[in-house]
Amino acid sequence: MDKELKGKKFVVLDDDELNLKLFYDLLMRIDAEVRPLSESDKIVDLIKNFLPDMVLMDIRLKDVSGHEIIKEIKENKDILHIPVIAVTALSMDEELSKIKISGFDDFIMKPFSMNQFYKIINKYLKPQNDS
């Protein structure tokens, strides 16, 4: 895997334990440091304390919408620079535009391939060549 991504820090929020394990396993393949979380009420504090390079977050959680959480993240000046990627099974154009308007940097559609997953991560975290 990419050496540039080794040691990058991620927070992953999903209330589905299987999805959480999948993200954890995919991120461990690139030797990332991962903080999986299944309870949304702790995410903002975790982000502030851990200062990840990226947050991956399910949109449809049991207790709150990802749209509410992203608003709280983007209102905090200490963490608003961190890319937050929505993970969703919803594919309607209206929902996808709502993801962008809410403040998410990008999205990953479920189901996804490993290549799609790593492509999104690379887009935001891999150094870009200026040539």
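Asp-78 is partly exposed, at 47% relative accessible area, where partly exposed lies between buried (under 20%) and exposed (over 50%), using a 1.4 Å probe and protein chains only. Its salt-bridge partner is Lys-77, which is exposed at 70% relative accessibility. A salt bridge here is a side-chain nitrogen of Lys or Arg within 4 Å of a carboxyl oxygen of Asp or Glu.

This is a predicted model, in which local features need pLDDT of at least 70, side-chain atom pairs count only at pLDDT 80 or more, and totals for chains, interfaces and linings use all residues. Residues are numbered from 1 along each chain as its sequence is written, and side-chain values use heavy atoms, leaving out hydrogens and water.

The whole structure has eight salt bridges, among them these:

| Salt bridge | Closest N to O |
|---|---|
| Lys-77 and Asp-78 | 3.4 Å |
| Asp-58 and Lys-110 | 3.7 Å |

Asp-58, in strand S3 (residues 54-58), and Lys-110, in the loop between strand S5 (106-109) and H5, are 52 residues apart and link distant parts of the chain. Strands (E, at least two residues) and helices (H or I, at least four) are DSSP runs numbered from the N terminus. Asp-58 is buried at 6% relative accessibility, whereas Lys-110 is partly exposed at 23%.

Helix H1 (residues 17-28) packs against helix H5 (residues 114-125) at about 70°, with axes 11 Å apart. The two helices are therefore roughly perpendicular, a class that covers 65 to 115 degrees. The contact (heavy atoms within 4.5 Å) involves Phe-23, Leu-26 and Leu-27 of H1 with Met-114, Phe-117, Tyr-118 and Ile-121 of H5.

Definitions and conventions: Axes are lines fitted to C-alpha atoms, for helices over the stretch in contact, and angles run from 0 to 180 degrees between N-to-C directions. Angles under 35 degrees count as roughly parallel, over 145 as roughly antiparallel, 65 to 115 as roughly perpendicular and the rest as oblique.
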